[in-house]
Structures are given as C-alpha cells and as structure tokens.
Amino acid sequence: MSEVVTDDRRERYLALRSSFLDRFVANATEAGVGQFVVVGGGYSGGSTFGPTRWWQVPSGPAMDKALVEDGFQVESPTRFILAKGAKLAEEELFHLLRSARSLASPGTRLAIC
Amino acid sequence: MAAPQQLSVLLEKTRWRAVKISEKSQRAGFVVALPAWVPAGDGPAATKSALGCFCEWVFHRDATASLGEHLSGAYGIAVERVEELDVGTFKVQIKSGSPWVARVFPSTRPEADVQREVDVMHHLDPVGFPVEKFPVARPVSVLEGQPVVVTEFVHGSEMKSGAANFGRIGRLLGELHTVQVDEGWQRHPGGAWHHLALDTSPAGELMVLRSLLSPARHRVTVGEENLYDKLVAAVEAADACADLPHALGHPDLVPRNMIVRPGKSPTVIDWAGVGWYPRVMSLGSTLWAARDARSVSSAVGAYREKVTLSAAEMDRLATAVAHRPLVLACWSFITGREDLAWVAKCWENQLARSLKIADQARVAWSGGDR
C-alpha cells in the first residue's frame, strides 16, 4: 500500500516539475530567448519550441568549456535547466551553478528542480 | 537534496539570486534564479560575457557592508545606520549629527577624478552656485580600492516639474556655463551618464555604446534584426557636437537632481560626471526633461539671459536633446532591462519628442513665444 502512495506522490511531483519547466521554457521562448541548456537530463520537452538551440549536457566539470566549444554564445540570454539539481550532492551542485553563472549574460535564468 | 537554506547559500556563493515564484512551486522545492552581478575576479568562474562584465561594473560595489566602519575609521564619526539610496549611493546616519551621503565609485575609477569633482564643487560654492556641501575637509577616501566621496545629506524634496521651475533650472544652467575655469579643468571631459561611463564626454559615451551594442547583437531575437540595425544606425549617426563651444557642465541638471526646501534656494546634487563638454549637449539633456512647451520656453528664456548660443548650436539642438534618451534606450537593451521591441518603440517616440522640444526651444529662443 505504501508503495502505491509513494508512486502516486512521485508521479504528482514529476507532473508538477514537468509543468513548471514547460512554463519556464514557454515564457522564455515567448521573450525571444534562443539558448537552452539542460544539465544532467530530466527534461526533454523543449524540442517542440521554435527557433531555439538546445544542449543536453551531463552534469560534470568543464561544462562551460564544452558548451562554448559547441557554439554556445556567451552574450545571448540563456535558460539553464537543472531538472535533477536538487538531487545532486552539494559539491556537484556548487560546481554546476558556478559554471552556469560564468556563462550568464543579462536576461539569463536558471531553474532548479 | 539540498535543503532550502543550503541551496540559498550555494546560490549566493555562485553569484545567483533567487526570484519569487508561486507558492506551489516553492513548496515543491523548485527555484528560479537570475545572475547576481558580482564580479568573480579572474579564473574559471569569471563572467565570460562582455555585457555581463559591464553589468558587474554598473551594479556592484565591493564591501559596502563595511562602509559605516570605513567612514568611522576615516573621519572619527559614530555611524548609526547606512541605507542604500541608489547603486553606490548611501545615506549615512550619524549619532548626534546630520546625515551624510557617501558615493562609492567603481574601483576602475581613479581617485584623482573624484577629487577633481570635489575641486569643481569647491570652486562653484564661493561664486554662489548651489552645490552640495562637504562635511569634512578631505571628503575623498578609498574603500577596497573604490573611491568614496562624502557630502552633507540635503534635506528637502525633489523639485517638481513645471514652467517656473524650469525657469530656475535654465537660469542655473546659464550661470554654470558662464563660470570661468582655468585651462587645466578644460582638459577633463564630462557629461556622460554615470551608469554608462564616467569621466568622459558625450562623444566618449557614444564610443562606449558602440562597443556594447556590438556584443548585444547576440541578444536580438529572430525577426527583430531590423530594430537592432535601426538602433545601431541611430548611435552611428548621433552627433556629440564635439566641435561646438564647451563649458563646465553638470551631466543631468533636471528637477530630480534639484532639492528644494521652503524659503531656500534649490541645491543641485549628483555631480558625478561634471566636466568640460559641449554646452549645447548639457542644455539638451535639461530640455529633454521638460514635459511641455511652457517648460521648454521658460528654461530657454532664462538660459539665454546668460548665454548666447551660436547658429550652429541652434541647428544641432535636436541631436543634443535626443542624446540622453538614446543613451538610456541602448543601456536598457544592453543590460537586459527591456526587450528590443520596447526599446525601439521608446526610442522612436523619444526621437519625435526631441525634435518637437528642439523646435519649441528655437521658437522660444527667437522670442516667438512671447
């Protein structure tokens, strides 16, 4: 019985997270944001949006270097999505946040779930 | 999972600032953050974006939490409270004394340039120009490499707009433009808006804008390229009137920088950027703040009692009036304060308004309004 409750909660959480991130992305595309970076997976809803560039990068060191080498434009407003960010160990999250911040320009936002 | 408290510390350490989201999302542990414009210094964490670095220059001052302690040490005063009024500008409450204002400038600004502004104000005070007063003989100090200047806090309220007040401002501007200064001071440009550039002229300001608009092209969304091109073209075509007569000018002599008290003369505040630059540019920024033809007429009428503009200055008054709104429009886009569509529309309206103001000013100058 408790398994069912846990699964139900998990499903509700995932639905809430999915809807939160969809809104985060939709608001950004409406504002003309063209760069999205999903760090560590956990979100794949962005492919339906218009003229945007998406990166799916593993959570790990040197994220910023890899992105820049792959055409990430540091002057463009970006949305960073850490869909599994709250599950990460503190040190790993620290490095990710620091790395994302080094790539931020005016208009950049970051979502952590 | 990081606890909210831990996450909040992590965000601060990594230079992010959480923004308000719905209660439901908060309860689920979600966070949305935007960059806190705090420099990280050199190294891998440093901001790579040129526009991001500019925002750090504009919006960040170091060690302001210890400003009270710094002033206590420098001047032997007992600071009760420090309250931020604007970026880098603080009201300092002193135990058993009148409050001060402390202005903390970016560390890239030489202390000597701040001292020069103090010298200008010391020069203007005895000739009767209503400048802010200094509470101490040596009002410039350095906090973590950043020059700090202190002035007495001016009690009162901002001057209201209206024809009578623009007459007062026009008169003061005319007086300022006729103040005699030695040649040494004439080597120090001024007039730039201090959230864009310091210690430079309107021509220098346009150079800064060009350098920032170039990386800002990456902010342009699909379908709005023509708006960006128009904005760049406006900056390229802008005329800083550098070949026209110069005078000592306050960069923003407008009602919000005039503090009034019943029965007293107004005091002119916010002198950052005072210097030697084309007087028509200085007049232009004042006229741009005038909201109606009567105010324009009143300012011009009072100004011309002191200064006679040349035909060339009159011909280029429209570009002088349009300069500040162009700077503000570009700045809003560059720093991400406003989107390009809004900025472009705003600039279009302001350009039309500037042309109208210049026409009204020319009519007033020729006496046609009387």
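In which hand does helix 10 of chain B cross helix 13 of chain B? Hi everyone, let's find out together. One thing to keep in mind is that this is a predicted model.

The answer is that helix 10 of chain B passes helix 13 of chain B in a right-handed crossing. On helix 10 of chain B, the residues making this contact are B:Ala293, B:Val296, B:Ser297, B:Val300 and B:Gly301, and on helix 13 of chain B they are B:Ile357, B:Gln360, B:Ala361, B:Ala364 and B:Trp365. Sorted by class, that contact has 7 nonpolar, 3 polar and no charged residues.

Now for the geometry. Two packed helices are described by the angle between their axes and the distance between the axes. Here, helix 10, residues 293-303, and helix 13, residues 340-365, both of chain B, pack at an angle of about 50 degrees, and their axes are 9 Å apart. The two helices are therefore oblique to each other.

Next, let's look at where the chains meet. Chain A brings 33 residues to the contact, and chain B brings 37 residues. On the side of chain A that touches chain B, the elements giving two or more residues are helix 1 (2-30), helix 3 (90-102) and strand 4 (109-112). Helix 3 of chain A gives the largest share, 7 residues. By class, this side of chain A has 19 nonpolar, 8 polar and 6 charged residues.

And how do the strands take part? If you'd like a pair to look for on screen, A:Leu110 has B:Ala33 as its bridge partner in strand 2 of chain B.

Note on methods
Residues are numbered from 1 along each chain as its sequence is written. Chains are lettered from A and ligands numbered from 1 in the order in which they are written. This is a predicted model: local features need pLDDT of at least 70, side-chain atom pairs count only at pLDDT 80 or more; totals for chains, interfaces and linings use all residues. Axes are lines fitted to C-alpha atoms, for helices over the stretch in contact, and angles run from 0 to 180 degrees between N-to-C directions. Helices (H or I, at least four residues) and strands (E, at least two) are DSSP runs, numbered from the N terminus. Angles under 35 degrees count as roughly parallel, over 145 as roughly antiparallel, 65 to 115 as roughly perpendicular and the rest as oblique. A crossing is left-handed if the near helix is turned anticlockwise from the far one by less than a right angle, and right-handed if clockwise. Two residues are in contact if their C-beta atoms, placed from the backbone, lie within 7 Å. Ala, Val, Leu, Ile, Met, Phe, Trp, Tyr, Cys and Pro count as nonpolar, Asp, Glu, Lys and Arg as charged, and the others, Gly among them, as polar. Two strands pair if DSSP finds at least two bridges between them.
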